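Please look over the structure below with the following notes beside it.

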Protein chains: 4
Amino acid sequence: MEFEELGIGEECGVFGCLAAGSWPTELDVPHVITLGLVGLQHRGQESAGIVTSDGESAHSFKVHKGMGLVNHVFSEDSLKKLYVSNLGIGHTRYSTSGVSVLDNCQPFVVETLHGKIAVAHNGELTNAMRLRRKLMRHGVGLSTSSDSELITQLLAFTPPLEQDDTPDWVARIKNLMNETPTSYSLLMMHKDIIYAVRDPYGNRPLCIGRLVPVGDINGKGKNNAATEGWVVSSESCSFLSIGAEYYREVMPGEIVKISRYDVQTLDIVPRPQGDPAAFCIFEYVYFARPDSIFEGQMVYSVRRRCGQQLAIEAPVEADLVSTVPESATPAALGYAQKCGLPYVEVLCKNRYVGRTFIQPNMRLRQLGVAKKFGVLSDNFKGKRVVLIDDSIVRGNTISPIIKLLRESGAKEVHIRVASPPIKFPCYMGINIPTKEELIANRPEFKDLAGYIGADSVVYLSVEGLVSSVQESIKARQDHENNLKTNKFKSGKIGHCTACLVGVYPVELEW
Amino acid sequence: MEFEELGIGEECGVFGCLAAGSWPTELDVPHVITLGLVGLQHRGQESAGIVTSDGESAHSFKVHKGMGLVNHVFSEDSLKKLYVSNLGIGHTRYSTSGVSVLDNCQPFVVETLHGKIAVAHNGELTNAMRLRRKLMRHGVGLSTSSDSELITQLLAFTPPLEQDDTPDWVARIKNLMNETPTSYSLLMMHKDIIYAVRDPYGNRPLCIGRLVPVGDINGKGKNNAATEGWVVSSESCSFLSIGAEYYREVMPGEIVKISRYDVQTLDIVPRPQGDPAAFCIFEYVYFARPDSIFEGQMVYSVRRRCGQQLAIEAPVEADLVSTVPESATPAALGYAQKCGLPYVEVLCKNRYVGRTFIQPNMRLRQLGVAKKFGVLSDNFKGKRVVLIDDSIVRGNTISPIIKLLRESGAKEVHIRVASPPIKFPCYMGINIPTKEELIANRPEFKDLAGYIGADSVVYLSVEGLVSSVQESIKARQDHENNLKTNKFKSGKIGHCTACLVGVYPVELEW
Amino acid sequence: MEFEELGIGEECGVFGCLAAGSWPTELDVPHVITLGLVGLQHRGQESAGIVTSDGESAHSFKVHKGMGLVNHVFSEDSLKKLYVSNLGIGHTRYSTSGVSVLDNCQPFVVETLHGKIAVAHNGELTNAMRLRRKLMRHGVGLSTSSDSELITQLLAFTPPLEQDDTPDWVARIKNLMNETPTSYSLLMMHKDIIYAVRDPYGNRPLCIGRLVPVGDINGKGKNNAATEGWVVSSESCSFLSIGAEYYREVMPGEIVKISRYDVQTLDIVPRPQGDPAAFCIFEYVYFARPDSIFEGQMVYSVRRRCGQQLAIEAPVEADLVSTVPESATPAALGYAQKCGLPYVEVLCKNRYVGRTFIQPNMRLRQLGVAKKFGVLSDNFKGKRVVLIDDSIVRGNTISPIIKLLRESGAKEVHIRVASPPIKFPCYMGINIPTKEELIANRPEFKDLAGYIGADSVVYLSVEGLVSSVQESIKARQDHENNLKTNKFKSGKIGHCTACLVGVYPVELEW
Amino acid sequence: MEFEELGIGEECGVFGCLAAGSWPTELDVPHVITLGLVGLQHRGQESAGIVTSDGESAHSFKVHKGMGLVNHVFSEDSLKKLYVSNLGIGHTRYSTSGVSVLDNCQPFVVETLHGKIAVAHNGELTNAMRLRRKLMRHGVGLSTSSDSELITQLLAFTPPLEQDDTPDWVARIKNLMNETPTSYSLLMMHKDIIYAVRDPYGNRPLCIGRLVPVGDINGKGKNNAATEGWVVSSESCSFLSIGAEYYREVMPGEIVKISRYDVQTLDIVPRPQGDPAAFCIFEYVYFARPDSIFEGQMVYSVRRRCGQQLAIEAPVEADLVSTVPESATPAALGYAQKCGLPYVEVLCKNRYVGRTFIQPNMRLRQLGVAKKFGVLSDNFKGKRVVLIDDSIVRGNTISPIIKLLRESGAKEVHIRVASPPIKFPCYMGINIPTKEELIANRPEFKDLAGYIGADSVVYLSVEGLVSSVQESIKARQDHENNLKTNKFKSGKIGHCTACLVGVYPVELEW
C-alpha cells in the first residue's frame, strides 16, 4: 500500500551538505544535495528547494525552488544557478491538500541584521498558533502558513543578551527551543555554518553522514581530501547514493554545528524531568525507507520483527504467506519464516498506474485500486492465503484486492496487519485522515473481516509493535551508550504512539 | 521605440476594484481587475498578481500570482480560484534584470494580529535601506528585496497609541508616510476596505474610476445597481475597457478609503513647507498610455505639444515629417502640423519580432533593431526626412534605422527628439541605464549627428518639456480647483525632472 | 481591424534559402529562414516548420516543426538540430478552426525512389477532391487532409517518360501543373536544389531575393562571398530583416530552379488562351504587409490610393479624418490628403489585449472589441469624424467603436471603407466567413449605417479598387517589361475579385 | 534490472476495444483503451496514441497521439476528443534513440478510396527495405520510417481481384501477409470492424479478452449487456485492470475479425512447410509482465522455473539467495526453493531515481546504478550471497551492485543469471546493443566473474531456458488442443532464440 492509498503522509525531508577542507571546494555541493533529496523523495513529493552559500558573504544565498519531484525541479540548468557553493541545505515537501503552493516551499530564507539565514525543517510545532500570535503582537506580519517561516522569524529576533554586532545563533536557537518543545528536526544555514537541531523529544529523525573521497569515474582522486565533507539528512538511506558513510544520529535536544573544520555538539536542551523521548513510531512502520537506520537499527529489521511478532500473536492455518507489494514485504517474509509457511508472490504491481483520471459513473471507476495490481493466479489457485499488509487505515483499499484474489481462485484470504489500528490524529507533522474516516473508529470495525471480505483479519498489538521496535538489544545498548557519550543523562528510550493510543508527548495547545 | 530598446522601464501598475451596494455582488470583481491590469500591462510585463477578499473574514484572502503577461497568468481556471469576492487588488510588475522571481511578485500579503492585509505598490522608497535596517533591528526577518514587503511589515507594526483589539489602519498608514516621503502610490486591502495612498510628492500616478452598470450582452440590467463599484488604477487608460468612468485623481499625500458605501478622503499628509509636488515628468514622455489623464490633461495632448514645441525650437528645411512608430507619433503629428510639412509614414512595424535569439558571430546579429521594421521606401525616396523619436537614451538603436532610410533612398535624415537627454539616475521607481551607458554622458554626444549618421539631431529643451506639460491653462485651472476642493492648500504644481537636471525632490539616503 | 476580428485569413507563407558559392556555407541558413518566416508571420500564426538539407545526400533532411509562432517554435536549441545545412525551406500556417494539428504542419516531406523531397505551399487546389480520389484509386493512402501531401504524392509519381535512375523533377512539376490550374505558390526541395513554382494564374505571390554579404557585427567580412545566397518568399517584406535585396517576382506559371550556381527559369506553363492572370486582389487590401512589393508596386501605395479614390467616390463634410489602427492608416492618410481634411488619431491600441477569455453572462463580455482600444477623446470632442476602416466583413466589430467615439464626444461619425463588400466564398486559399455571416448578404446591409450606428457608411467600389491597384503606370510598364523578358507572351494583367463579384478564374470542381 | 539499464527494449504494445450489443454503446471505449495501454506501458514509454470510430462513417476517425507516458498523453480533456465512439485501437511505443518523433507515433491513419483505416502494430518487418522500394517504385512517397506506414500503404493498395466499390480487406491483409512473413502482431480498424492479425510465425504476442459488465460503483448494472465488449491486446496483463476476462490467444497466422456481433477467424495463413512457430522467447524472459499468459502458461511461472532450472544447472554453497529487484524475483524465489536456501532481500529500490542528470567529471557520476538501490546490510552482513539477475547484457550495471554488497559486508557474492547470454542482433522488433557492446562477445567474457567482481557467475543454458518455457505439460496440451481447434495442422511449438544462437526463423533481407 502506498501512502496515497492510505491517506497518511509525512510532511518533509531535510538534507544539508558542507564541504570540508579548503574552499572553494571541488565537491559538487548542489549535486550532492539534489541526490540526497532524491533519496528522501518518499518523504515528500510536492515541492523541493535548495539554498546554497559560498560561505564568504553573509548576505548572498543562491536559491532554487519549484513544485514537483526533485528530479523535475533540479535540471542541470537550474543546478548551475546554485554554484559556486561550499555549503547548502535542501528540503522536499509532502503534498498536503489545498495549500500546495510555491510560497510554502522550503528552505525559507530571510535577511536579518546579521545577514541571511535559511531554514529547512521537518515536523510541526504543537504550539504554532500561540507563537504566531506572539510574533504578530510584536508587529511581525507573517506571509505564509508554514511553521518554517515561524521558526525563521523567531530566529531573526534578537534575544535580550545579544550585542548588536555579534549574533549569538546558539542563544537564538535555544531561545526557539525553549519556546516550543516539539516537533522539529531542522537545519539552519548562516554564512559558513549549518546548524542541525532536533527537538528535545526527538520526534522527527535527523542524522549525520561523512562524505569520503570516491574519486572520479576512472578512479582518480580517491584520496582527494578536497572532496570530503559532511552531510546531514532526515534519513540515512540518502547517504549511499552520494557515497557518504553513516556517522551518527543527532540526539534529541541536540544542537550540532557543522563547519568546514568539524562537527560539534554545542548544547543539548533537556526535556522536562521524567519525560521519555518520543521518536515517532510510524517512521519505523511506514514512512522511512527500509534501508534507513534509526537508533542503531535498520528499519527493515524492525518491520521483519513486526511480521514475526504478528505470526506469534495471530497465527493462521494456511498454505502460503504473501504481501501487498512492496512495503509489506519485510513483514510478510518475517511472518512466513516464523510460522514456517512458504512465502509466495500473489500480486504484481503496474508501476505506471499513476494518479488515475476520474469520471463519474464510469464503469472503470469501481475497479479502484485493482488497477494497480496484476494477479499471479497460478501461484495461489485453490490455496489458503495469508496476506500481510502494513496497515489498514480507511479500509477502502484492501477489499478490492481480496476480491481480486478470490475471483482468481484463492480458497481463503486471511489479512494480517503489521501495525496497530490508527485511532487518533497526529499534531506533530503527519497527515492522518479525520477521525471519522479512520476505519478503527467506525462501526464497520466490529466486523472488519466481513466488511472487507476477508476470512479473518488481525492487527498487530501496540505492545507487539513497541517491543518489535525496542527489543533489539544491540540497538538499545548502542543507543544508551550514545546517550551517555552525549551526556544526555535523563535519556530514556521512548516512542510516540499518540495516533494509536491517544496519549501525546506534550500537552497540546491551540 | 519601445522601452526594451531604450533600456528604461517603469516599475509597476496597481489596480483595485470594490463592488458597491449589497454583497455578495453580481460584479465580476476578479475579471474586472484582470482587464484593468491588462490596461496597465505597458507598465510591467514580468509578473502579475491578484488578491481578492469576500469582505467578510479578515483572515482569508484568495491569491493568484504568476510570471508573465496578465493574460497568461490569469486563465479562466485561475480566475475561478479568486471567486467569490467583493473586492480585490492587483499588480503588474516590470521585468527588471536579475531578480525576476516569483517571490517579488505582488500584491504582498501578510497576516497580522488583526487579520490579513494585502499591499500593491508602484514606486521606490528613497530611504528603503534605512527602513530595512530599522525593521531588522526590531527582529523582523525580511524574505524578499521588495519595497512592498517593507511597506507591509511597517504597516504590520502596532503604533504606540493603538489599542490591541481595534487596529487603526489610518494611523498606521500615516506612520508609514512619516517614515518615508516618496515614492509610492499604493493600495492596501484589509477585510472589506481598500485604502488608496499617494505619497506627499505625488511622484507616481493614481486615480479613481466609477463602475457604472453596463448591462449584459443583450442590454439587460443597464440599471442594475448590483454591478456598480469603484476602481482605482495607476492610469485611467484601464477604465474604458471595463466600462468605468474617470472619477478623479488621488491627490499627493492623500489617503483615500474605498468602502462599499463611499469613497472618503481620510487625510492628506502634507509635504515639508515650500516643497512643490514632484509628479514624474517621464510618465508624460514615455511610460503612460496616450489616452491616460494626469492632472486634468490627456497624455497624448502633452506629447503633441512637445512635438509642436520641438518644431519651434528646432525647425528644419525638409520635405516630410515622420515617426519612429508607434510612441513618437503624437509628437510627429504635432511637429508636422506646427511647421506645415506633410506627415508621412516611412517605417512599418513587424509586431511578431519578439525577443530575438542571439548567436555570436551571426551575420544576422548586426541587423539589430532593423529586424523590427519594414521600410516604406516609395514614401520617401529622394526626400528630406525629419524623423521624430520620443527619446535617444543610449544611442544604439536609432543608427540602424537611419541607415535603413538612407539605403532606401532618403536624401537627408534629420532627427528631432521630443524629450531632453537623460543624464542622471532615478531612485524613485524607474530603471535607467547606468550613467556610463547614457549617450548624453558620453564623448560621442558632442557629435551625436555624426555618431548616429544623421544630418542633424536636436533634443527638446527641459524648459520646452516643462512648459509643454504645464502650459495647458485648462489643465492648470482644473487642477488648482481640485487642490482647493481637497483643501490641499500648500499645493504647488511641480514635476520631477531629476533624471534630466540631477535635482531630486527629496534628499537621497543610503 | 485585425484578421481575427474580420474572420478572414490567409492560409500560409513560404520561405526558402540556398547558399551560393562553395559549400559548406558560412551562411546561417536555418537562422535566415527563421527570420524570413518571422517576416511572414502575419500570413499564418498556427504552426511553423523548417526542413534543411546539406545538399549532399538525397536521403537525409533535417526537420523541425511545431505549433505556435515562429519565435516560439524555433529556439536556439531547435535551430541547432537544423545544422549543418546549405539550403532549406520553411512554412508558416494560418490558424484555421478545427484541424489545427501538427500533422498538417508543413513543409511536408516524403521519401521517394530518388530520395527525399520537401514541399511547402501557399494556396488551395481548386480540384483537390478529384486529385485525392485519383491518387487513392491508384492505391495511395493519404494521411492528412492537406493539399501539401496531395502535391507531394503527385510529385512522387513517376511520369511514363522518366528513366528509373534519373528523376526528371521538372517533368514531374509540369505534370502536377497540368493536373491542377490553381492556386499554389510552392517550394520544393530535393538534395541541392530548390524549385520555386507559381501557378499559371499567379493567384498567390512569390518572389526572389538576393542575400548580399553584410559582414559581422564589427563590419568584417563585408565582401565575404561565402555569405551570399538566394532567398525566395511569399512576400518581399521578409527580405529587409535578413539583409536581402529584392530581386524579382516569380511569374505566373513559372518554374524556377535555384541552385548554388544560379537562378534559372526552367519553363513557363501557360494559361488557357485568353485567360488573364488572377492575382488575389485581397493581398493588396488586407493580407500583405504594407512594405511588400507586388507587380512592381508597394502595397502601402495601393492602400493610400484606395483611400484617395474613396475620397473621390464618397466625400463627406467633416472636421477630421481618422483610422481604425493600424491597418487602415495608409487609406486614412490618402483620404485625408485628397479631401484636404486634417488627419487626427482618435483611437490608440492596447497591444496586450490578446485572445480574451469568455464567460457567459459576464458584464465585460459586451464591451467586446472596445477592450482593444483606448479613446483619445480630446482629439475629437465636438468634432465630425470620418473614420476609415479597411473593410467591414461581418459588421459586428465597428459598432462598439462608433459607440465609443460618440460617448466620448464625437459629433458625427462617418464610416468609409477602403475596400468593396465581400459577398462570395474563396476557394483559393482564403478563409472567409460563411455567406450567411457576411454582412453584405444580410438584410441589415440595406440600412448599414443605422445598423452599426454611423451617420453614414460607404464602401469603395469594385472599379475603384481595381483601378487603384492597376493605375500605377510605372508598375504596369515594369510589369509588362518583366512579362516580355520572360517570354510570357500571353500575359495579361489581371486580378482575382471572385469574393467581390462571384466570378472565379477557373471552373470550380468538387 | 530495468530495460534501460540493459539496453534492450521491446518496440510496442497494441490494444483494441469494440463494444458489443447495440450502438451507441454505454461502454467507455476510449477510457478502456487508455487503461489497457497503461497495462502495456512496460512495452513502450515513448509515445502513445488512440484512434476511435463511431462505427457509422468510414470517413471520420477521432485521433489523439502524444509523446510520453499514456497517463500523460491522455488527460480527461484529450479523452473527450475521442468520444462518441464504439470501437478503437491504441498503441504505445518504445523509446528508441534518435527518431523519437511524433511522426512515428501510432496508430497510423490513412484515407483510402473506401474510407479511413487505422493500423497499430508491434514487430518489425524483416523485408521492410524491399517493400519500401516496391511502394516507392509504384509512386508512393513515404513520409515516415515506420513499418506501420509501410503496412498501411500496402493495405491501401487494391489487389487485382477487387471490385472498385467493395473493398475486400481480408484479401488485402492476406496479400500483405504474403508479402512479408514476420514479424508483426497488428490491429487494423475500418469503420465498424477491428481486424487482429498475427504473423504466421507468431513472433509477437496478441490475445483477446471479453469485457463483462461490472456495474457502476454502486454495483448497479451488473447485468447491463450494454457494457459488454471485446478487447484485444499484446498481453493479457492489461485485462484485469479493465474488468476483462482472458478469452484466447490469436494464433500464428490467424486473421481475426472482431465486430459488434462476434469474434470470427477469417483465415489462417500457414508458414512454409516444416517451419516451426517462432514466438520470441524473450517475451518470457524480459519483456512481458509476469501476470501475462502466453501459450496457456503464466510468465511468472516460467521465470520461476528458470530459477529452479538454474539451481539445478549451477548450484552454489551459500547462506542466502537474493534478487536484483524487481524483475529477477520470480527466478530468485525459484532458485531459493529448489536449492533449499533462504530467500532474503539485500537491496531496496529508490523508485524516484529517474533519468539522472550527467555532468562530466562529477564525483557522483561513478556511483552509477548504485544510486538506484539502498542496501539492506543487516540482512547479509558476513553472509555468502547468491544474487539472481535476469540477464547480464553489457556487464556494466552488475559490478557496482556487487561492489555495494561487498562494501556492506557480504562475504561472497555469486551471480546466477536466469537467461543465456545474448550474442546476436534481433531484426524482429527488439532493440539490442551492437554486437560489440554485448558482453558475451567481448574478451572480458572469458573471466566474467573477475571482470564484474563476483566470486562466480553462471548463466542459464539455452536448453535450460527452452525447457523451462516448454516443459509445462498442461500448457503444451492446452496449446496443442488450441491448435487443433483452430485447424492449424502444421502447428509445431517453437520459439525464436535467434539472439542467443544466431539462427533466425526466416531468411533476412536487406
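1. In chain D, six strands make an open sheet in the order S5-S6-S7-S8-S12-S13, with antiparallel pairing; strands here are DSSP runs of E with at least two residues, helices are runs of H or I with at least four, both numbered from the N terminus, and two strands pair if DSSP finds at least two bridges between them. This is a predicted model, in which local features need pLDDT of at least 70 and side-chain atom pairs count only at pLDDT 80 or more, while totals for chains, interfaces and linings use all residues. Residues are numbered from 1 along each chain as its sequence is written, and chains are lettered from A in the order in which they are written.

2. S5 and S13 (263–268) of chain D stand at the edges with a single partner strand each, so one side of each has no neighbour in the sheet. S5(D) pairs with S6 (residues 115–123) of chain D in the antiparallel sense over five bridges, and Thr112(D) has Gly115(D) in S6(D) as its bridge partner.

3. H6(D) packs on the sheet, touching S5, S6 and S7 (184–190) of chain D, and its direction makes about 140° with that of S6(D); axes are lines fitted to C-alpha atoms, for helices over the stretch in contact, and angles run from 0 to 180 degrees between N-to-C directions.

4. Chains D and C each give 18 residues to their contact, where two residues count as touching if their C-beta atoms, placed from the backbone, lie within 7 Å. On the chain D side, S5 (108–112), H5 (128–137) and H6 (147–156) each give two or more residues, and the largest share, four residues, comes from S5(D).
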